[in-house]
Amino acid sequence: LPLCSVMRATSIFAVVSVAEYVLQGETGQAVSGCRCEGTGANGHCSYHFHFGSNEKKPWCRTKFNCGFPGSMLKGSWDYCDARGVERRRAEDGKFYTALEFRDHYGGKGKELYQNAKPWVERRVAADGVAYIARDFRAYYVDQYGEAGWVDAWDKAAEETRVAEDKKLYSYAQFQEYYAEGARAKWVEAENRTVRDEL
């Protein structure tokens, strides 16, 4: 195609895309932002790496046809707050998202991210339970909405676990004491409580 035709087609597509983007709630009312479905493979805010999706920004399938329109087989979607994306702790002791694993570790990133599932980030909600991001969202989203639960997550205390001395410690403290054995000790302590140690 001539360059002018390509540019014209691209411009038309851009106008249609912008026109189809809509912020709407359950009854079609205007809303300030979309709500993630919260279920299914793409229902949570994340970097979804598969055919047709290689985004540098996290996104989720949304409720109420909010955001960008989907296809006949897939629902609407929108970008979401990167602060609420699940992170997992790598062997260097730092948390990374799936995108950061890929960028940091290259070809090994996907495998390392999958293997790091036992070291997923958890934060403590008002009920005293340490939740992973999607469960933390489920706990708060009805009260605070999408933006509010992420703010709560951002401010929440990090998870602590009971060590062999029956006291609670953060992962950094596990690492300081156990050094290279911290990762294994952290997993061992996942379901340990003070009552178990009495």
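Predicted model: local features only at pLDDT ≥ 70, side-chain atom pairs only at ≥ 80, totals over all residues.

Residues are numbered from 1 along each chain as its sequence is written, and side-chain values use heavy atoms, with hydrogens and water left out.

Leaving out residues up to four places away in sequence, F174 touches R161, V162, A163, Y169, A179, A182, K185, W186 and A189, where contact means heavy atoms within 4.5 Å. Between F174 and T160, which are 14 residues apart along the chain, the C-alpha atoms are separated by 9.5 Å.

## The nonpolar cores

A nonpolar core is a set of buried Ala, Val, Leu, Ile, Met, Phe, Trp, Tyr and Cys residues joined through side-chain atoms within 4.5 Å. The largest one has 11 residues in all, namely A125, Y131, A133, F136, Y140, V141, W149, V150, A152, W153 and A156. Helix α4 gives the largest share of this core, 8 residues. Apart from it lies another core, of 8 residues, which includes Y171, F174, A182 and W186.

Not counting residues up to four places away in sequence, A152 touches F136, Y140 and Y144; A152 and V124 are 28 residues apart in sequence and 9.9 Å apart in space, C-alpha to C-alpha.

## R123, a buried charged residue

R123 is found in strand β5, residues 123-124, and it counts as buried because its relative accessibility is 13%. Leaving aside neighbours within four places in sequence, R123 is in contact with R87, V129, A130, Y131, F136, W153, D154, A156, A157 and E159. R123 and K155 are 32 residues apart in sequence, yet 9.1 Å apart in space from C-alpha to C-alpha.

## Two residues with positive phi

Most residues other than glycine have a negative phi. F64, although not a glycine, has a positive phi of about 60°; it lies in the loop between β1 (59-61) and β2 and counts as partly exposed, at 35% relative accessibility.

A179 is likewise not a glycine and has a positive phi of about 55°. A179 lies in the loop between α5 (171-178) and α6 (182-188), and at 47% relative accessibility it counts as partly exposed.

## The pockets

On a 1 Å grid over the protein atoms alone, a pocket is an open set of points where a 1.4 Å probe fits, with protein on both sides within 12 Å along at least five of seven lines, and lining residues have an atom within 4 Å of a point. About 440 Å³ of space lies in the largest pocket, a volume being the space filled by probe spheres set on the points. Of the 25 residues that line this pocket, the closest to its centre are G33, C34, R35, E146 and A147. Helix α4 supplies the largest share of the lining, 5 residues.

The second largest pocket holds about 330 Å³ of space. It is lined by 19 residues, of which H44, S46, E86, Y113 and R134 are the closest to its centre. Here, too, α4 provides the largest share of the lining, 4 residues.

## The protein as a whole

There are 7 helices and 8 strands in the protein, and buried residues make up 35% of its 198 residues. Among contacts with a separation of 6 or more, those between residues 24 or more positions apart account for 45%.

Conventions: Buried < 20%, exposed > 50% of the residue type's maximum accessible area, 1.4 Å probe, protein only.
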